[in-house]
Amino acid sequence: MNGSEEKIKLEHEAARLFMRLYEQRFGIAMRHIWHNEPARPDVSCYYDQQKLDLEIAHLYGSEAEAMHILGRELSTNTHKELMALLRTPAQHRLLTALNRLISNKAEKNYHTERVWLVIRNANPLWTRRDILQHYKQLHMPKFHPFEQIWLIGDMQGQSGIMALYPASLTALELG
């Protein structure tokens, strides 16, 4: 499987997982996904019989961590980078990585009416609880194209989903 095929597979897995978890939590049907071309968000689906686009992102922390998590062969330099990262407090890396990811995605323009950003936490060192503890320190860009921003707490979705935006949804998480 090449890198592009693997990316699409990971995006579809994350989209299916998010849709299942969202439906379980809120009882609103999310069905039928398909992959889009680059000018559009990654995946489209039907949300309560209305079209909704999902931009999918994976939160690793760094390229070196992503390579390790995805089972890539690590060079000596990448291994050294991973060892150096372990000396940086996990919560600092979490906030830096999550803020960077949201900021980068906020700069994109999508040809769609409704788009949600779905972030799947792929780093096993971080938990949904860690993210909740540091939620107030997240930097949400003033302008972005997302109607809602959601986070899947872990790769398998065992810790559920949490809303990062808008404030009306995050109140459910913090309350």
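Visitor: Which residues are exposed on the other side of H6?
Guide: Those are Ala-167, Ser-168 and Leu-172. Exposed is over 50% relative accessible area, buried is under 20%, and partly exposed is in between, using a 1.4 Å probe and protein chains only. Helices (H or I, at least four residues) and strands (E, at least two) are DSSP runs, numbered from the N terminus.

Visitor: Before we go on, what sort of model is this?
Guide: It's a predicted model: local features need pLDDT of at least 70, side-chain atom pairs count only at pLDDT 80 or more, and totals for chains, interfaces and linings use all residues. Residues are numbered from 1 along each chain as its sequence is written, and side-chain values use heavy atoms, with hydrogens and water left out.

Visitor: Ok, back to H6. Which of its residues are buried?
Guide: In H6, residues 167–174, the buried ones are Leu-169, Thr-170 and Glu-173. Looking down the axis of H6, they fall within an arc of 95°, so they line one face of the helix. That arc is taken from the directions from the helix axis to the C-beta atoms.

Visitor: New topic: which residues touch the most others in the largest nonpolar core?
Guide: Phe-18, Tyr-22, Met-30, Leu-54, Trp-116 and Trp-150, out of 22 residues in that core. A nonpolar core is a set of buried Ala, Val, Leu, Ile, Met, Phe, Trp, Tyr and Cys residues joined through side-chain atoms within 4.5 Å.

Visitor: And where does the largest share come from?
Guide: From H1, which gives seven residues. Apart from this core there's another, of 21 residues, including Leu-59 and Tyr-135.

Visitor: What about the strands? How do E2 and E3 pair?
Guide: They're antiparallel, over five bridges. Two strands count as paired if DSSP finds at least two bridges between them.

Visitor: What happens in the hairpin of E2 and E3?
Guide: There are two residues between the strands, and Asp-48 takes a positive phi near 50°.

Visitor: Why is E3 largely enclosed?
Guide: Eight of the 10 residues of E3 are buried, so the rest of the structure largely encloses that strand.
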